[in-house]
Amino acid sequence: MTVNDRSVSGDIDPRTLLVHFIRENLNLTGTHIGCETSYCGACTVMFDGRTVKSCTVLAVAADGATITTIEGLAKNGQLHAVQEGFWERHGLQCGFCTPGMIMAAVGLLEENNNPSEDEIRHGIEGNLCRCTGYHNIVKAIEYAGAKLRGEEPPPAEWEVSA
Amino acid sequence: MSTTSVLGGSVRRREDPALIRGKGRFVDDIKLAGTTHVAFVRSPFAHAKINSIDASAAMEMEGVIAIYTADDVRHLGLLLAQVAIGRLRPLLADGVVKHAGEAVAMVVAENRYLAQDAADAVEVDYEPMKAIVDIKEAASDKAMVHEELESNTLITWEAGPWGNEEGIAATKEKIAEAKKRDDIVTVSMEMKNQRLIPTAIEPRAVIADWNDGYGRMTVYSSTQIPHALAGAIAKTFGLAANAVDVIAPEVGGGFGAKLNVYADEMLVSFASMQLGRPVKYTESRRESPYNTIQGRGWVATATITGTKDGEVLAFELDGLADMGAYTQNFTVAIPFLGTFVGSGQYKFPTHWKIGCVTTHTMTTDAYRGAGRPEAIYYLERILDAYAREIEMDLAEVKLKNFIPESDFPGAVAPIGFQFDTGAYQTNLKALTDSAEYSELKSLRDKARAEGRHVGLGLSSYVEVCGFGPSALSGLGFSWTTYGLPSAFSGSGLVRINGDASVTVIIGTGPSGQGHETTWAQLVAGQLGIDYEKVRVTHGNTAESPMGIGTFGSRSAAVDGAASYEAALKVKAKAAQIAAHILEASADDIEFSDGSAHVAGSPDKSVSWEDIVTSAYHPHMLPEGMEGGLEAHSVFSPANATWPFGAHAALVEVDPETGFTQLLRYVTMDDCGNVISPMIVDGQIHGGLAQGISQAMFEDAIYDEEGNLLTSSLVDYPLPTAQDLPSFNLSRTVTPSDVNPLGVKGIGEAGTIGSAQTVVNAAVDALYDLGVRHIDMPLRSRRVWQAIQDARS
């Protein structure tokens with residue numbers, strides 16, 4: 001398979017999960033395991049252009065696929081707009097759900113780069129965060145959407161109130 | 001929104017560049033050469049005798065290295081607990097299991113798949129026994145959870161009654177007088193504060209790496225309390241305190257669940273010593289609720305006696321709290337923490353009594369708020385019911401009964417504890433006079449005119465945090481059981497490096513609170529050094545000063561103050577060195593833009609680089625001055641801090657289905673001074689989500705046999721982004737007077753303020769249908785049932 005623009009291969013036990021292959025064989029530990037039941041979304045990666053939860057995909061099912069993990073999102077040292085949005089708008093606290101959440105947001109914005117708050121909330125509903133109450137994640141995705149549309153992002157709440 | 005920032009301002013977090021690029025390093029990401037992996041054999045029964053364990057077939061399986069049972073680890077003793085009241089946990093079940101999922105055997109294998117395969121092949125012959133799950137049944141002592149204990153009630157925390165002898169007499173007299181006037185109302189309700197599963201998204205993980213060449217144990221653990229864990233391991237294995245290094249790298253959420261010392265941490269340490277290889281255990285989500293502490297689990301009756309015009313004459317709380325089967329770190333102390341805020345913000349006499357009861361369920365301990373959300377929930381729910389009963393606005397009742405602002409600082413609560421600062425009337429009015437609150441009222445009225453069941457809930461709270469004063473160490477606010485000499489004092493070390501960059505080393509154990517950012521702001525501001533040049537490190541016991549960890553919203557108020565004072569020490573010494581170089585008086589030295597300047601003589605300055613060079617060339621220093629430019633401070637506050645606030649929620653209920661939706665949420669919190677508004681608001685958001693989630697979604701349910709029915713995220717629904725609205729936050733600022741920063745702490749306030757606010761709103765929505773109370777969580781079926789019960 002191709003992972004983050006790099007061709008990779010491995011000889012594995014057929015029951016190996018994609019997330020374990022990514023983490024253990026490829027040493028890409030940015031993709032996290034939060035529940036192993038595809039409920040929390042911490043393991044979300046891009047799989048042939050769509051977001052999937054890599055804890056419930058067998059690695060062999062990804063044979064020949066093109067995968068992007070959080071490590072492959074920034075290009076040439078330039079953060080993806082969603083990564084920038086999470087940083088600029090305090091969209092993360094402990095950071096454990098963050099890689100999966102960012103991948104889900106990337107997938108959402110690729111389909112619709114101008115989502116409403118409801119559409120954002122719906123779009124990331126498959127990814128759980130226990131720290132932020134989602135408030136600033138929504139703001140981070142709004143920021144990224146604006147960036148992707150070439151617009152000036154709305155100011156941060158703390159800038160408005162300061 | 002109004003915010004005041006006196007100390008820092010909102011800057012992008014230092015922690016984030018790694019975390020947003022997948023470069024953050026959590027325990028499960030760490031791979032040591034030769035690592036072995038653990039899986040546990042867990043009991044399917046809540047209470048059973050273990051007749052035999054046969055691991056022979058499992059031992060023959062591929063990749064299996066060792067299988068351990070109680071026989072192998074009994075000599076290590078029971079798991080240490082800081083407040084050791086009740087039955088302590090055996091490291092592995094010893095002849096009997098006391099809760100479902102209790103670890104019976106530990107398999108060590110070459111990888112986690114093989115370890116799990118072998119764990120499944122271990123044959124255990126159980127003889128099931130009757131499980132005691134219901135807390136009231138347990139409290140009746142008809143059958144014992146642990147035969148060796150005299151009662152299932154481990155301890156009863158009682159505060160009051162009503163202050164003192166004089167207070168009791170005065171209260172009784174007032175009640176008698178009111179009765180004579182026929183001016184008395186008594187409102188009483190039994191309410192549940194259900195069990196919760198903390199559910200950090202990162203499951204707990206631990207790696208132990210014993211090196212017998214160095215005689216040293218290195219443990220990586222997703223813990224909030226690295227120093228306490230190091231102490232516990234040293235004590236358990238008879239090692240010197242300096243032979244155990246605990247490293248807490250990135251920790252993926254804690255919420256109190258990682259404020260504990262766990263049997264698995266001792267067991268991997270044991271296995272590593274036995275095998276001479278690193279041993280790793282990562283919890284699966286499915287086993288996490290059986291292995292990591294749960295929270296809450298109270299049932300209590302709250303009673304208010306008051307006059308018809310809103311003067312509360314007495315408040316009583318009488319209830320039970322579920323401790324689970326085994327006592328861990330602070331288990332029985334959690335309800336005690338509730339007593340601190342038992343009388344809330346009010347001046348009325350209070351009598352508070354909670355029995356701590358053991359059952360055949362997983363241990364409970366600190367979960368975000370830890371005793372305080374429970375205490376405030378009961379008080380604020382019954383006050384709301386009382387206000388409705390006398391048909392008086394809840395805000396008016398509050399204003400009538402609040403401790404007056406003139407009593408602060410240092411007001412004493414009727415339940416006996418002394419506050420720092422407070423301004424409850426100002427804070428509540430700031431909320432109820434706000435445009436946001438008016439909007440909630442008009443939205444409710446408009447919806448009602450359309451026939452919709454929309455309710456407005458109000459509540460306020462005071463909490464206690466910032467532990468704490470060293471004088472409280474005798475009450476369990478210390479790590480002495482784990483062999484540490486420490487009270488819950490803060491500590492911080494500030495070091496100026498040769499290039500005038502700054503290293504700050506702190507003793508906290510953050511899990512997303514942004515300490516690397518906030519502490520850098522604090523220290524940079526004092527030293528006049530660019531924030532970008534200050535690096536904050538934490539979570540490695542080998543290099544950090546004695547540390548207490550991160551919990552109880554204590555880090556900024558205690559450890560932040562310590563780092564601040566260490567920075568002041570460094571600055572004072574640097575001023576003397578600069579004065580010596582510039583031939584000026586140290587009193588005239590000011591620091592900014594990376595240099596020391598003489599006040600009034602802008603051309604006379606010396607850079608931090610030159611100051612630190614002098615500091616490490618003692619011959620260049622003033623006569624008698626010691627070399628070096630670093631300082632360590634230990635800070636012990638005179639009192640804990642007491643944040644407070646008021647919240648309002650707008651909730652809609654569909655009476656046909658019971659479906660309940662949170663429409664709006666507005667806060668007016670007061671956590672004293674604010675270092676970074678961005679981080680403080682983030683803490684409130686997360687705290688709100690957890691309190692609201694208790695009110696609406698989460699419920700750890702055991703069946704009669706003690707099976708946990710909610711061990712997956714499907715059965716135990718955490719809120720998704722769609723379940724919550726955006727929050728509308730504001731604050732008042734009443735600085736604390738017990739630390740030099742004037743900060744109070746904000747990690748738990750959102751949780752403590754919110755559950756009852758949502759329930760009050762739901763009751764408001766359904767009051768006209770006759771609903772007076774609904775136990776949490778407000779899931780459709782329960783709400784629908786409450787409506788049916790009220791109608792019948």
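Does B:S792 count as buried or exposed, and at what relative accessibility? B:S792 counts as exposed because its relative accessibility is 77%; exposed means over 50% relative accessible area, buried under 20% and partly exposed in between, with a 1.4 Å probe and protein chains only.

This is a predicted model, in which local features need pLDDT of at least 70 and side-chain atom pairs count only at pLDDT 80 or more, while totals for chains, interfaces and linings use all residues. Residues are numbered from 1 along each chain as its sequence is written, chains are lettered from A and ligands numbered from 1 in the order in which they are written, and side-chain values use heavy atoms, without hydrogens and water.

B:S792 sits in the segment after helix 20 (780-791) of chain B; helices (H or I, at least four residues) and strands (E, at least two) are DSSP runs numbered from the N terminus. A polar atom of the B:S792 side chain lies 3.1 Å from the backbone oxygen of B:D789.

B:Q425, in helix 13 (residues 424-432) of chain B, counts as buried because its relative accessibility is 16%. A polar atom of its side chain lies 3.4 Å from the backbone oxygen of B:I403. Leaving aside neighbours within four places in sequence, B:Q425 is in contact (heavy atoms within 4.5 Å) with B:L399, B:F402, B:I403, B:P404 and B:E405.

Two packed helices are described by the angle between their axes and the distance between the axes. Helix 18 (residues 677-696) and helix 19 (residues 749-766) of chain B pack at about 40 degrees, with axes 7 Å apart. Axes are lines fitted to C-alpha atoms, for helices over the stretch in contact, and angles run from 0 to 180 degrees between N-to-C directions. Among the residues that meet are B:I684, B:G687 and B:L688 of helix 18, and B:G750, B:T751 and B:S754 of helix 19.

Most residues other than glycine have a negative phi, and most peptide bonds are trans. Phi of A:S38 is near 60 degrees, and A:S38 is found in the loop between helix 1 (18-25) and strand 3 (44-47) of chain A. B:D182 has a phi near 55 degrees and is exposed, with a relative accessible area of 52%.

Chain B also has cis peptide bonds. One joins B:F467 and B:G468, with omega about -10 degrees. Another joins B:M776 and B:P777, with omega about -5 degrees; B:P777 lies in the loop between helix 19 and helix 20 of chain B.

Methods
Polar contact = N/O pair within 3.5 Å; in protein donor to acceptor, adjacent residues only side chain to side chain.
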